[in-house]
Amino acid sequence: MTTKSTTQVFQPAQFGSLHLRNRIVMAPMTRRMAQDDGIPTKEIVAYYRRRAAGEVGLIISEGTPVDSLHAYDTLTVPRFETDEQISAWKRVVDAVHDEGGAFAPQLWHTGRMGADPIGPSAVTLPPRADGTTRSPVREMDSTDFQQVTEAFVNAALSAKQIGCDAIELHGAHGYLLDSFVSPVNNQRTDKYGGSLENRMRFPCEVLAAVRRAVGPDYPIIYRFSQWKVDDFSEIKFADSAQLKVWTSALKEAGASILHVSARSATDVGFPNEDSSLTLAGWSKRVCDLPVIAVGKVSVTLTMDQAYGEEADTVTDPSSAFELLESGEADLIAVGRALIANPDWVKTVRDSSWRNLKPFDKSLLAELY
Ligand SMILES: Cc1cc2nc3c(=O)[nH]c(=O)nc-3n(C[C@H](O)[C@H](O)[C@H](O)COP(=O)(O)O)c2cc1C
């Protein structure tokens with residue numbers, strides 16, 4: 001079946017040195033399935049191999065913390081720091097390559113949501129839904145700035161060394177880099193707080209340091225979002241002018257590809273300015289980098305509903321594919337639907353989206 005909406009999605013694509021067999025990306029998804037040593041297990045290798053065998057173009061790993069100091073929230077999230085952890089990630093890279101896919105680890109610092117939280121300011125999160133309180137957030141000082149930057153640089157260099165095709169910096173969802181951009185979480189009065197230019201300074205410094213370390217041609221994906229885990233309705237960029245300032249700074253600092261995490265890939269970005277252009281589309285309009293669109297592809301629930309009692313159902317992904325045709329996105333990332341369907345690409349391409357299995361939160365209990 002080749003309709004207008006499927007002409008590009010299953011075609012190969014090239015972004016600098018990054019070659020992809022199609023336009024489908026596995027979105028980064030935390031699974032917490034390692035042991036406390038943070039070493040990816042053979043089950044984790046098999047999990048990623050299965051999605052590559054299902055013909056995903058680019059697999060972005062679950063967020064992988066860049067150090068064992070403040071970057072992690074739970075120890076069972078596989079980390080990207082020690083020789084043992086990096087060697088085990090190489091098994092993931094090799095497995096994905098064996099199956100014809102490309103692989104990028106998502107380098108993560110949980111910041112204010114970490115086990116021993118640090119952030120731009122001492123703004124502690126409210127108690128969890130079950131009433132348990134959060135550890136107080138410590139405001140970062142210049143030693144922390146240096147330590148965090150070095151941790152990202154070291155992880156990026158290790159990724160390049162073990163043959164990862166790209167890296168993604170997790171700059172979304174309220175975690176460390178994103179919390180600097182947020183005017184709510186960043187209340188600093190020095191050059192890292194206040195205006196948007198100041199709030200984006202630290203994420204851009206980290207990105208620029210990583211770019212200097214990995215060289216001019218290595219693909220760096222930068223993920224940012226309009227929502228965060230503890231406030232699904234947060235609007236970080238009020239209008240396209242702010243988005244332009246932010247995306248231009250990311251480009252200047254060395255980003256190769258933008259990963260625009262929206263509540264829904266097809267939602268309108270700034271309704272007051274344009275009645276149809278998505279956030280991904282706006283990102284492409286204001287900044288000429290390639291863009292990954294993500295959010296609610298072939299599922300019905302939004303992320304804030306996904307853990308509730310309502311059951312998800314499968315939907316036609318062609319409205320997301322249309323973003324490729326209209327030039328609003330270059331790649332489409334799929335999250336929950338790829339947990340439920342390791343062979344999502346083959347199913348949609350070779351039979352029908354109607355044969356997809358619906359996502360169910362119970363699927364998160366095991367790694368298949
Ligand atoms: C179980 C789960 C874990 C996630 N973990 C991460 C993560 O580690 N890093 C990240 O940037 N986003 C994470 N996300 C968000 C996804 O990458 C994606 O943006 C979101 O699921 C929306 O895409 P979807 O509607 O196709 O599922 C996670 C989502 C889920 C469902």
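In this predicted model, strand β3 (residues 24-26) pairs with strand β4 (residues 58-65) over two bridges, in the parallel sense. M26 has I59 of β4 as its bridge partner. As background, strands of a sheet pair through backbone hydrogen bonds, and the pairing is either parallel or antiparallel.

The pair of β3 and β4 belongs to a barrel of eight strands, closed in the order β3-β4-β5-β8-β9-β10-β11-β12. The pairing in this barrel is parallel. From one strand to the next, the twist averages 25°.

Which strands does helix α1 lie across? Helix α1 (residues 42-53) lies across β3 and β4, and its direction makes an angle of about 155° with β4. Helix α9 (residues 318-325) lies across β3, β11 (291-294) and β12. The angle of α9 to β12 is about 155°.

Helices also pack against helices. Two packed helices are described by the angle between their axes and by the distance between the axes. The table gives these values for two pairs.

| Helix pair | Angle | Axis distance |
|---|---|---|
| α3 (residues 142-161) and α6 (residues 201-214) | about 40° | 9 Å |
| α7 (residues 240-253) and α8 (residues 279-286) | about 65° | 9 Å |

The crossing of α3 and α6 is right-handed. On the α3 side, the residues that meet α6 are F145, V148, T149, F152, V153, A156, L157 and K160. On the α6 side they are F202, V206, A209, V210, A213 and V214. Sorted by class, this contact has 12 nonpolar residues, one polar residue and one charged residue.

The crossing of α7 and α8 is right-handed. Here α7 contributes S240, L243, K244, T247 and S248, while α8 contributes L279, W282, S283 and V286. What classes of residue make up the contact of α7 with α8? There are four nonpolar, four polar and one charged residues.

The last topic is empty space. Rolling a probe the size of a water molecule over the atoms shows where such space is left.

The largest pocket holds about 1200 Å³ of space. Its lining consists of 50 residues, and those nearest the centre of the pocket are T30, Y175, V229, M303 and Y307. Strands β5 (102-108) and β12 (331-334) and helix α10 (336-340) each supply at least two residues of this lining. Which element gives the largest share of the lining? Helix α10 does, with three residues. By class, the lining of the largest pocket has 25 nonpolar, 12 polar and 13 charged residues.

The second largest pocket has a volume of about 220 Å³. It is lined by 15 residues, of which Q226, I235, V268, G269 and F270 are the closest to its centre. The lining of this second largest pocket divides into eight nonpolar, four polar and three charged residues.

Terms used. Residues numbered from 1 in each chain as written. Predicted model: local features only at pLDDT ≥ 70, side-chain atom pairs only at ≥ 80, totals over all residues. Heavy atoms only, no water. Axes fitted to C-alpha atoms, helices over the stretch in contact; angles between N-to-C directions. Helix = DSSP H or I, 4+ residues; strand = E, 2+ residues; numbered from the N terminus. Left-handed = near helix turned anticlockwise from the far one by under 90°. Contact = heavy atoms within 4.5 Å. Nonpolar A, V, L, I, M, F, W, Y, C, P; charged D, E, K, R; others polar. 1 Å grid on protein atoms, 1.4 Å probe; cavity = no way out; pocket = protein on both sides within 12 Å on 5 of 7 lines; lining within 4 Å. Points joined across faces, edges and corners; volume = space filled by probe spheres on them. Pairing = 2+ DSSP bridges.
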